[in-house]
Amino acid sequence: MSSGNVYIETFGCQMNELDSELVCGQLRALGYGFTTDSSRADVVLYNTCSVREHAEQKVWSRLGELRERKLTQPNLVVGVLGCMAERDGEDLMRRMPVVDVMCGPGELDKLPTLLDNAVRTRASLLAELPEHLNATDISARQVALQGNTSRRSATLAAAADTLELLDLSRSISPIAAGGDDHTAARRTAYVRITRGCNKFCTYCVVPFTRGAEIHRPPDHIVDECKRLADAGVLEITLLGQTVNHYRFEHGASVTVGGVVQPQKGRTYAGGHRRDPFAGEATTTFADLLARIHDEVPSIQRLRFVTSYPRDFGDDVLEVIRDHPRLCRYLHVPAQSGSDRILKLMNRGYTVAEYTEFLDRARAFLDQPEIGRPLMLSGDFIVGFPTETDEDFEATIALVERARYKSAFIFKYSPRPGTVAIEKLADDVPEAVKRSRNNQLLLAQARISEEIGATLLGTTPQVFVEGLSAKERKRRDRAQPASSAPKLPGGVSLTIAGRAASNHAVAEITEEACCSTRPREADADTLPELVQLSGRTDGDVIVHFDAPPGRSPESMLGTIVPVRITQVRALSVLGTVASA
Ligand code: 5AD
Ligand code: SF4
């Protein structure tokens, strides 16, 4: 069936971005259309994040706005997808009857049925609406949640994992993907390899909202990469909450909904120098990386996020070192530089073990002399319960020692249902959290600049993503969105910065990008030079002007050599070198 225009807004992490993409593909195949203007939609979907309270508050305020809208558009169907739906359960609907559909992250394959039911149910409820009620008081109440997923074993979770069908249904043709062949969005893609998490860090909701860790069959993953490559994709980022835990045991499997699932997985525990179960019956993470690299040679860049620092084998480092299209980039959250706080967080490693891993990774992978420096990024939480000045100093010391090219820094946000909120008072005052957040950002900004300076004079290959943030802002100022002319060829350049969505913090991007020459905001003309943004193999963001005589849109989604000429507070600038 087909039912009008869908508006979908995604909050949070890359996993959510991928989920939204898959949901859109599924709905498009069923005849739904899409709009980027919420006010023109028949169905409004929010794909939500629960990791921090702030992300949830945004959704609450959006839902509040929709209440008004339903008075004038009673048929409007509103859906809350993702982690907030799973975490709040039906309470959310009770608090916000404006919501018609709730669908947890593990149930997204059921969304088309839920929407279909919601459209019909709303229509019949409205037809019989009692006089004392109005359209905002009734909900179509279509719900698919896993409920208590964290208590299930990985075996049961795998057996019940119908979500594999959603990944398998990915529509990859250019038309189905809705993109223009020339946009960078068509040339870069996420591919999920693991779902869920078993780590239960005490502050984190993910094991509760996304359930137990399960691993996709390698043939499905390789096949998806091949289909993406055939459709023109050059860059793939493999996704998992603890992506380096990937391991698939062949043979011991059951079939659910036509999809082969592993029946049981042995836990990869301790040591972690090499996957101890490697062998014919097992595809390890190292095996998977090598397979994708070798079997899909047109993928120019293969990355993965997010890595868990404790479980990173030398076998994986060797594969990255020996396979040229595997990027020299690791995102390995440390969360704190204090052993006491790491213990309270249940992270399962000490600072010494973490830095030992960084040293090991650098020994294998850091090769600036051949133009392949290893770039690292990390996540930190400041103001975790009981964090003292001394603990925080230890975090600063770790940041100084680790020398990340960027770090994502968050103020601790107590999350309902987690061990931390149950057992530890949120006792670090907000002002102290804010001050530590700023101090850490400053320390990281200085290091980012120093890392940027090491690139001066080098000419890395840069994947061109879109307009720089500064260029976008300048255009918005010069031309209101509705009247903004498209660039020649009708292509809008809009996708820069997509990977930073979960991390509103110290990523090298946004405000920090500075042009090397003055630009005046002239409302009547577009300047001759257009500033673009792209990423190196090590995920460093580079800004540069499209060379005169070369159309910016023809550069999108291509990989070009850029000579690095300047380093500013949080960005590097360069000029396109002749290939
Ligand atoms: N409060 C603050 N930050 C959090 N993160 C996860 N849970 C919380 C929380 N309750 C951060 C961690 C994680 C990143 C995705 O979000 O740093 O790595
Ligand atoms: Fe959350 Fe920890 Fe799992 Fe990361 S490893 S998703 S922080 S529980």
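Ala, Val, Leu, Ile, Met, Phe, Trp, Tyr, Cys and Pro count here as nonpolar, Asp, Glu, Lys and Arg as charged, and the others, Gly among them, as polar. By that scheme, the shell around ligand 2 holds eight nonpolar, two polar and two charged residues. The model is predicted.

## Two ligand shells

Start with ligand 2. Its surroundings include the cysteines Cys197, Cys201 and Cys204. Phe200, Tyr203, Val206, Pro207 and Tyr308 also stand around ligand 2. So do Lys199, Gln241, Thr242 and Arg347.

Now ligand 1. Twelve residues surround it. The closest are Arg52, Tyr203, Gln335, Asp379 and Ser413. The shell around ligand 1 divides into five nonpolar, three polar and four charged residues.

| Residue | Protein atom | Ligand 1 atom | Distance |
|---|---|---|---|
| Gln335 | polar side-chain atom | oxygen | 2.7 Å |
| Asp379 | polar side-chain atom | oxygen | 2.6 Å |
| Ser413 | backbone N or O atom | nitrogen | 2.8 Å |

How much of ligand 1 does the protein cover? On its own, ligand 1 has 400 Å² of accessible area, and the protein covers 90% of that. Two elements give two or more residues each to this shell: β17 (375–382) and β18 (406–411).

## The sheet with β17 and β18

Both strands belong to an open sheet of three strands. The order is β16-β17-β18, and the pairing is parallel. Neighbouring strands are turned by 10° against each other on average, direction ignored.

Three bridges join β16 and β17 in the parallel sense. Which residue of β17 is the bridge partner of His331? The partner is Ser377.

Helix α17 (residues 430–453) touches β17 and β18. The direction of α17 makes about 180° with that of β18.

## The sheet with β10

Another open sheet has three strands, in the order β7-β10-β15. Pairing is parallel here as well. Why is one side of β7 and of β15 left without a neighbour in the sheet? β7 (188–192) and β15 stand at the edges with a single partner strand each, so one side of each has no neighbour there. The twist averages 25° from one strand to the next.

Strand β10 (residues 235–239) pairs with β15 over five bridges, in the parallel sense. Thr237 has Arg303 as its bridge partner in β15. Helix α11 (residues 285–295) lies across β10 and β15. The helix α11 runs at about 155° to β15.

Strands of a sheet pair through backbone hydrogen bonds, either parallel or antiparallel.

## Two backbone details

Most residues other than glycine have a negative phi, and most peptide bonds are trans. Two places in this model depart from that pattern.

What kind of peptide bond joins Val305 and Thr306? The bond is cis, with omega about 0°. Thr306 sits in the loop between β15 (301–305) and α12 (314–322).

The other place is Asn346. Phi of Asn346 is near 60°, a positive value in a residue other than glycine. Asn346 lies in the loop between α13 (339–344) and α14 (351–365).

Technical notes. Residues are numbered from 1 along each chain as its sequence is written. Chains are lettered from A and ligands numbered from 1 in the order in which they are written. This is a predicted model: local features need pLDDT of at least 70, side-chain atom pairs count only at pLDDT 80 or more; totals for chains, interfaces and linings use all residues. Side-chain values use heavy atoms; hydrogens and water are left out. A residue is near a molecule or strand if one of its heavy atoms lies within 4 Å of it. A polar contact is a pair of N or O atoms within 3.5 Å; within protein, one must be able to donate a hydrogen and the other to accept it, and residues adjacent in sequence count only if both atoms are side-chain atoms. Accessible areas come from the Shrake-Rupley method with a 1.4 Å probe; for residues, only the protein chains shown count as cover. Helices (H or I, at least four residues) and strands (E, at least two) are DSSP runs, numbered from the N terminus. Two strands pair if DSSP finds at least two bridges between them. Axes are lines fitted to C-alpha atoms, for helices over the stretch in contact, and angles run from 0 to 180 degrees between N-to-C directions. Contact means heavy atoms within 4.5 Å.
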